[in-house]
Each structure stands twice: as C-alpha cells, then as structure tokens.
Amino acid sequence: MAVDYQSLAVKGVQALSPYQPGKPIDELARELGLDPAEIIKLASNENPLGPSEKALAAAKKALESICLYPDGNGFDLKQALAKRFGVGMDQLTLGNGSNDVLEVIARCFADANSEIIYSQYAFAVYPLATLAIGAKGVEVPAKDWGHDLDAMAEAVTDRTKLIFVANPNNPTGTVHTADAIEAFLDRIPERVLVVLDEAYCEYLTGDEYPDGIKLLERYPNLITCRTFSKAWGLAGLRVGYAVSSPAIADILNRVRQPFNVDSPALAAATAVLEDEDYLRRSREVNAAGLKQLCDGFDNMGLSYIPSAGNFVAVEVGPQAQSVYHSLLEHGVIVRPIAGYGMPEHLRVSVGLAKENEHFLDVLAEALSSGGEEG
Ligand SMILES: *Cc1c(COP(=O)(O)O)cnc(C)c1O
C-alpha cells in the first residue's frame, strides 16, 4: 500500500501553513512582463535606502574568504554588539535572521507538552515556531489590534513555557509603553520565559518605550530579540540576535547551528553598527514616509492602524484582494494580510518619498475602479 508521507509528519507540522512572504520583484516582472526596475516593492518592511555603503564594502571583502567556514562564534559582531549595548558577549546569541533565533528559543524551551502564548494579529513566525515543535499555541485575542497584555498574563498555566511579545508588532504596528511592558513582566512567573521581539525598536522615538536590553537586569526570564533586517538594511543577509542572561544564551548557543550566520553577513552587520549616519537616515526617511502615507490615507478617507514601525496597515475594505491585484498590475507590491485574519487591510511598507507618492496615486485609482468592477 502506498505510504501517505504527509501523514508521517509530526502533528503540529501537518497543521501549519507556510509563511507567506512578500512577492519578489523578479517574480512579478516575469508574470506581467514588466521591467524589474519599474517595480516598487513595499511588501516586506525592507529598508528603502538600499544597503549602507560600509556594510556593502565589508560584505564584498568577506566574499574573498568564502572558501572558509565563518567564525561560528561571531566574535567581531558579538564584541561590537556587547560594546554598543553594554552587555557581556556571553549574553548574545546570533541567528540567521532573528527568525532563526525565535525558532531556536522555541526548540530549546518548549516541547509537545508545552503551551506558548502569543497575541492574535502577532508576527506569523510565533505560531509557526510553536507548531513545528508540536507545542500548543495559545492565541490571545487582541485589543485595539495590539497585544492585550493583561489577558496574555492571565493565559499563563502550569504548562506555559514561553510568551512571544512583539513590540512594535508586525503587521499591525501597535506598540506598548515601558510602563505597560513592565507591568506585564511583573505578572509573569520567573519560570516562564518572555521573548520581547524588538525587530522595529530602532524606529521608536520618545522615551516612553521600553528598551528590552535594559530590562534584562530586572527580569532574568526575558529574552530580547533584534534584527539587522529592518532599520539596518540587511534583510538579504539574514542576521539577528537575542540578548538574554548568560545561562539562557548558553542553552541557545548549544542548539543553534554551529555556522548559522555566514561570513559576509557577519562582516556587514559588524560594519553597519559603525554607520550611525545610515541609521539616522533610516529613521528620518521612515518618519517622513510614514507621515506621507498616513496623510495620503487621511485624504482618501481611509482608516489605518497608527504604526510605530516602518509599515502601516491600511483598511481598504472587503475588496482588499482585488485592490492588491490591481496594485500589482501597476507594478506596486504590498502585502495582503488575510492570513493574519485581517482580510480588509493591506500592509504597506514605508518607501522613499517618490515610491510612497506613486503607491498613493495607484491606490486611489485602484479604489475608484475597484468600485465599478463590483
Ligand atoms: C521582520 C521581523 C522579524 C525578523 O526578521 P529577520 O529578517 O528574520 O531578522 C522578527 N520579528 C518581527 C515582528 C518582524 O517583523
């Protein structure tokens, strides 16, 4: 009898659906016969500035040595991060993107008998990492599109091993203040680990927001995750990291792949930390672009979720899927988020002024013609 190989997969894996990435530029170009250079991708929260020159030069230089394995301990990058944040190198775990770190955390601290808590509308990798290890995902209903931190604290049971908190969250852009995060952490038993995912923290302005790295001293059960993919502009190289207590980092470093960050990535990430000017420009372009997009939505009478990230979820109504396709036909890629249970929103990443302007024009057109088509 033929074997149903899918049925051999562990239960959680059978239940999961793959992560839906933003459509790649070359794919759309192939499908529609467009020139890739004319396509605008505002779909994956990438940095519209292009990479830092310093990072690019360092990555190119590292290419000369790609016959050698990378430094499995990531010494230079860890040293640079430790210096920047005033932590010990033994508190750091590097990952192939912070996605890798999130998965390693789940594998190290939870199993099929565990519950992992995350919020409705939170980053899609949390349920993926949970189901992949056969753990039970406990999705807590959101409040005003953001995490309901009180309800998440109340959801803790004897089986809870991990809680994922995205601050700011993707795809909603919602953010909690330091007071709210600390009040939440105060309620969580020390045996439960809290992963504070700060993929967008570099975009936060104002001192009312938490710095997960500074909170580590007070909350030993905290793991703060960050990435080079967003404000630092290195999404294609895949570098992220966790900052935690040395004890937790020791565990994570046992389980991660020994060479999980490649040498051009290590070199570029180390170099970009020296490029404060790039980070400053990332923030400026983002703040201006976010305002431009929101002003545009206001002018069109569209509601959106106020965002603290480099993207914004705009409500276009039940015809969101057709608006998405009509944007594609005009060479603009955004992100449908029906998979997140938000079928009437589209998530658009902040681009350069010209890109935002073009997107807003095409959106206005799509919305007016979408009505006629029915
Ligand atoms: C983009 C993102 C990440 C990480 O991306 P990597 O490229 O894997 O570092 C993590 N968390 C959230 C909420 C994100 O949006």
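Let's start with a strand pair. β12 and strand β13, residues 345-349, pair in the antiparallel sense, and two bridges hold that pairing in the assignment. Across this pair, Arg335 stands opposite Arg347 in β13. Before I go on: this is a predicted model.

Now the whole sheet. Four strands form it, the sheet is open, and the order is β9-β10-β13-β12. The pairing is antiparallel. Which strands are at the edges? They are β9, residues 304-305, and β12, residues 335-336. Each of those two pairs on one side only. As a reminder, strands of a sheet pair through backbone hydrogen bonds, either parallel or antiparallel.

Next, the ligand. Where does it sit? The ligand is in the second largest pocket. Let me read out the residues around it: Gly97, Ser98, Asn99, Phe123, Asn170, Asp197, Ala199, Tyr200, Thr227, Ser229, Lys230 and Arg238. By class, the shell splits into three nonpolar, six polar and three charged residues. Which element gives the most to the shell? That is helix α6, residues 97-109, with three residues.

Take Ser229: an N or O atom in its side chain is 2.6 Å from an oxygen atom of the ligand. Arg238 places a polar side-chain atom 2.7 Å from a ligand oxygen. For Asn170, a polar side-chain atom lies 2.8 Å from an oxygen atom of the ligand. How much of the ligand's area does the protein cover? On its own, the ligand has 380 Å² of accessible area, and the protein covers 93% of that.

Stay with Asn170 for the backbone. Its peptide bond to Pro171 is cis, with omega near 15 degrees. Pro171 lies in the loop between β5 and α9. What is the form of the peptide bond from Asn167 to Pro168? That bond is cis, with omega near -5 degrees.

Asn45 is not a glycine, yet its phi is positive, at about 55 degrees. Asn45 is in the loop between β1, residues 40-41, and α4, residues 53-63.

Technical notes. Residues numbered from 1 in each chain as written. Predicted model: local features only at pLDDT ≥ 70, side-chain atom pairs only at ≥ 80, totals over all residues. Heavy atoms only, no water. Near = heavy atom within 4 Å. Polar contact = N/O pair within 3.5 Å; in protein donor to acceptor, adjacent residues only side chain to side chain. Areas by Shrake-Rupley, 256 points an atom, 1.4 Å probe, with all protein chains shown as cover. 1 Å grid on protein atoms, 1.4 Å probe; cavity = no way out; pocket = protein on both sides within 12 Å on 5 of 7 lines; lining within 4 Å. Sits in = over half its atoms within 2 Å of the grid points. Nonpolar A, V, L, I, M, F, W, Y, C, P; charged D, E, K, R; others polar. Pairing = 2+ DSSP bridges.
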